[in-house]
Amino acid sequence: MRGENFIFFLASCGFFIGVIFSILHEFDFEHFLYATVLITALFYLLGLASVTFFIKYLDIKKVIYFNKHEIDEILDVQIKELEKKEDFILESYEFIKQIEEEELQIIKNKS
């Protein structure tokens, strides 16, 4: 998750927690607005501080980059396996459809 998304997430959580807190304490409008803005700001600052410390103490050398070529090969193999399974399912479906048509013909001939 990107840092700014984490900050926005905590700010929106803070807003809803502020609204719930204000509703539960049955504040009048000014106190309702003040409590909601205050709690939202606190959550925003908490998110900002968390992301700041995370970025400050993150060691860039420890970041692992994925090998795109290797991942593409693995995904190609998985796609081929899925295509084989789809073909098997379609063949099974056609076989079952054929059997059902034969049964219908037998039932029609007996009637």
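Contact is defined as heavy atoms within 4.5 Å. Helices are DSSP runs (H or I, at least four residues), numbered from the N terminus. The structure is a predicted model, in which local features need pLDDT of at least 70, side-chain atom pairs count only at pLDDT 80 or more, and totals for chains, interfaces and linings use all residues. Residues are numbered from 1 along each chain as its sequence is written, and side-chain values use heavy atoms, with hydrogens and water left out.

Helix α2 covers residues 29–57. Its 29 residues should span 42 Å at 1.5 Å a residue. The expected span is 1.5 Å times one less than the number of residues. The end C-alpha atoms of α2 are 42 Å apart, in agreement. Within α2, A35, T36, I39, T40, G47 and V51 are buried. Buried means under 20% relative accessible area, exposed means over 50%, and partly exposed lies in between (1.4 Å probe, protein chains only). The buried residues of α2 pack against α1 (3–24).

G14 belongs to helix α1. G14 counts as buried because its relative accessibility is 0%. Leaving aside residues up to four places away in sequence, G14 touches I39, T40 and F43. F88 lies 74 residues from G14 in sequence, and the two C-alpha atoms are 51 Å apart.

Helix α3 runs over residues 68–110. A search of the whole structure finds 2 salt bridges. A salt bridge is a side-chain nitrogen of Lys or Arg within 4 Å of a carboxyl oxygen of Asp or Glu. One joins the side chains of K68 and D72 at 2.9 Å, N to O. K68 and D72 are 4 residues apart in α3, so about one helical turn separates them. K68 is exposed, at 58% relative accessible area, and D72 is partly exposed, at 31%. The side chains of E81 and K84 also form a salt bridge, at 3.8 Å, N to O. E81 and K84 are 3 residues apart in α3, again about one helical turn. E81 is partly exposed, at 39%; K84 is exposed, at 54%.

F66, I71, L75 and I79 make a nonpolar surface patch of about 410 Å². Patches are made of residues with over 30% relative accessible area and no salt bridge; like charges are joined within 9 Å, and nonpolar side chains (Val, Leu, Ile, Met, Phe, Trp, Tyr) within 5 Å. Accessible areas come from the Shrake-Rupley method with a 1.4 Å probe, and for residues only the protein chains shown count as cover. I71 lies in α3. I71 is partly exposed, at 34% relative accessible area.

Definitions and conventions
Helices (H or I, at least four residues) and strands (E, at least two) are DSSP runs, numbered from the N terminus.
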